[in-house]
Amino acid sequence: CLTIPNRNDDEFERYRRQRMAELKRQSAAKARGAGCVKTVDSGELKQMLQAQKKSNPPIVCKFSVLGSRLNDELDEIMDTLAAEQTSVSFVRIARPEGFVMDSRQAATQPALCWFERGNVQSALFGEEMGGPGAVEELLVRKWIKASAKR
């Protein structure tokens, strides 16, 4: 027999508050795209990084170089990680050619960057992940875990 607690019951009220807080967290996570990898352009990434300076969650951005064999493998890993790591926002940017990581160096392979407070905190490049045909998901997971602890 199922008994429904009295609405004035303290235990029921505590449970209700906990559940409402969890629903609010889930709603906020969905609103910011948690659980999926969003494709953005440079302008959108800049806006996200500006907003992140206040208190938004970390962002993992995959910079893709179109035509690279690593892209598809890395996309699959990113999709899996985004579904698991809802406290982190995952985005991707695709470029037809290399992209500039800083003013001195152009990257010619995909890279992952961890952003916090609007700044890059760490980066992982294609050859560090195992290279085309050999991307190591465990290595990417360890990089994310280590980046989160910084």
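Predicted model: local features only at pLDDT ≥ 70, side-chain atom pairs only at ≥ 80, totals over all residues.
Helix α2, residues 42–52, has as its buried residues Leu45, Leu49 and Gln52. Here, buried denotes under 20% relative accessible area, exposed over 50%, and partly exposed in between, with a 1.4 Å probe and protein chains only. Helices are DSSP runs of H or I with at least four residues, and strands are runs of E with at least two, numbered from the N terminus. Viewed down the axis of α2, the buried residues fall within an arc of 60°, so they line one face of the helix; the arc is taken from the directions from the helix axis to the C-beta atoms. Lys46 and Gln47, on the other side of α2, are exposed.

Residues are numbered from 1 along each chain as its sequence is written, and side-chain values use heavy atoms, with hydrogens and water left out.

I turn now to strand β6. Because 6 of the 6 residues of β6, residues 111–116, are buried, the strand is largely enclosed by the rest of the structure. Ala111, Cys113 and Phe115 point one way, and Leu112, Trp114 and Glu116 the other. In general, side chains in a regular strand alternate between the two faces of the sheet.

What are the partners of β6? Strand β2, residues 59–65, pairs with β6 in the antiparallel sense over 5 bridges, where pairing requires that DSSP find at least two bridges between the strands. Within that pairing, Trp114 of β6 is the bridge partner of Val60. Strand β7, residues 119–125, also runs antiparallel to β6, joined by 6 bridges. β6 and β7 form a hairpin with 2 residues between them, and Arg117 in the turn has a positive phi of about 50°.

The structure holds 1 aromatic pair. Trp114 and Trp143 form this pair, edge-to-face, at 6.5 Å centre to centre and 85° between the planes. The criterion for rings of Phe, Tyr and Trp (its six-membered ring) is centres within 6.5 Å, with planes under 30 degrees apart counted as stacked, over 60 as edge-to-face and the rest as tilted. The pair links Trp114 in β6 with Trp143 in helix α4, residues 137–149, 29 residues apart.

Finally, the largest nonpolar core has 18 residues, and those with the most contacts inside it include Val60, Leu112 and Trp143. Such a core is a set of buried Ala, Val, Leu, Ile, Met, Phe, Trp, Tyr and Cys residues joined through side-chain atoms within 4.5 Å.
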